[in-house]
Amino acid sequence: MDWKHLLAYITGTVDQELLLRNEYLVTENRMLRNQITGRVRLTDGERKTLAAIGQKLGKQALEEVAKIVKPDTILAWNRTLVAQKCDGSPQRKAPGRPTIAQELEALVVRLAQENRSWGYDRIVGALANLGYTISAQTVGNILKRHGIPPAPERKTTTTWKEFIRTHLDVLVATDFFTAEVWTLGGLVTYYVLFFIHLGSRQIQVAGVTPHPNEAWMVQVARNVTREEWGFLSPGQYLIHDRDGQYCPAFQQLIDTAGVKRVPLPPRSPHLKTYAERWVRSVKDEALSHLILCGEGSLRHALQAYVAPYHHERNHQGKGNVLLLPSTNQDPERAGPMQCRERLGSLLTYYEREAA
């Protein structure tokens with residue numbers, strides 16, 4: 001037998017064996033598919049694999065072997081893969097001038113918001129000082145996209161944040177908070193009225209009472225407006241809510257003392273955040289850990305908290321420093337370190353003794 005006949009014999013044998021294998025796999029796949037109910041969920045990787053093989057087989061061959069999905073679906077997967085591979089849209093550049101960088105656009109918006117009187121040209125000049133070149137028309141387009149009006153309209157309005165920042169040194173806020181106190185008559189709700197100077201964060205507890213009536217409020221107004229040692233002075237602004245306890249007599253005394261009242265809109269605790277934050281501090285750090293028995297214990301707890309609040313507690317909102325550091329807290333001292341405690345170790349601070 002020559003080599004040509006031998007090669008034909010071997011090739012025919014291999015082809016016959018491959019046909020038998022394929023026929024077996026197709027028959028087995030059909031049996032298994034008939035036993036599966038519902039759709040067969042395929043991952044993206046499995047779809048890509050079937051699409052690549054199906055494209056080589058062609059639709060006619062797929063109709064004989066494909067049992068999971070239709071041949072048209074497999075070929076559609078292949079067309080999608082080819083389209084994604086040949087998609088050059090991410091590399092396309094938009095026609096016209098290049099867009100403004102997000103960093104520069106954010107800077108333009110910041111300058112306009114922080115300086116309400118600055119016009120387009122003034123913003124352009126400020127950006128030029130920082131090394132950015134931009135036209136006034138581009139500044140106007142950016143502000144328009146962000147809903148920021150031109151300077152003449154921006155100057156006529158003032159946000160609450162700007163008002164607080166501008167008048168921080170002359171602003172005082174007042175508010176009430178309650179504390180439950182055990183008395184001989186049972187559990188009684190006491191009202192604590194306090195004032196906080198927003199610039200320095202100093203606190204004055206104006207009074208404690210279970211009945212904040214008009215006479216009590218009038219006496220508080222007299223105390224805080226006294227020229228010698230009062231907490232309020234002429235030229236300051238007093239922020240308060242519309243609680244009915246701020247009676248007309250109280251308001252009249254405050255106005256007579258030359259203090260400008262700023263009543264807040266109803267249901268707006270976010271406009272007196274400094275006062276609200278102090279209420280949370282005094283409750284979380286002191287009052288919520290104590291069982292108060294009698295008005296005297298409440299006054300003692302408040303006094304014991306306000307003193308370290310001013311002289312011994314670091315305030316993150318003021319650069320993490322003490323508000324009113326005392327002379328015996330000089331960090332240059334070389335004496336031994338001592339831990340001081342208040343309210344039964346609820347409040348602690350550390351200092352060095354004199355050598």
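Mentor: A salt bridge here is a side-chain nitrogen of Lys or Arg within 4 Å of a carboxyl oxygen of Asp or Glu. The model is predicted: local features need pLDDT of at least 70, side-chain atom pairs count only at pLDDT 80 or more, and totals for chains, interfaces and linings use all residues. Residues are numbered from 1 along each chain as its sequence is written, and side-chain values use heavy atoms, with hydrogens and water left out.

Trainee: How many salt bridges does a search of the whole structure find?

Mentor: The search covers the whole structure. One of the pairs is E105 with R145, whose closest N and O atoms are 3.2 Å apart. The total is 9.

Trainee: Why does the pair of E105 and R145 tie together parts of the chain, and how many residues apart are they in sequence?

Mentor: Helices (H or I, at least four residues) and strands (E, at least two) are DSSP runs, numbered from the N terminus. E105 lies in helix 5 (residues 102-114) and R145 in helix 7 (residues 136-145), so the parts tied together are 40 residues apart.

Trainee: Is R145 buried or exposed?

Mentor: Buried means under 20% relative accessible area, exposed over 50%, and partly exposed in between (1.4 Å probe, protein chains only). E105 is buried, at 10%. R145 has a relative accessibility of 54%, so R145 counts as exposed.

Trainee: Which helix holds both R110 and E114?

Mentor: Their side chains meet in a salt bridge of 3.0 Å, N to O. E114 is partly exposed, with a relative accessible area of 39%. R110 and E114 are 4 residues apart, about one turn, and both lie in helix 5.

Trainee: What is the angle between the planes of Y246 and F250?

Mentor: Rings of Phe, Tyr and Trp (its six-membered ring) pair if their centres lie within 6.5 Å; planes under 30 degrees apart count as stacked, over 60 as edge-to-face and the rest as tilted. By this rule there are 8 aromatic pairs. Y246 and F250 form a tilted pair, 5.6 Å centre to centre, with an angle of 50°.
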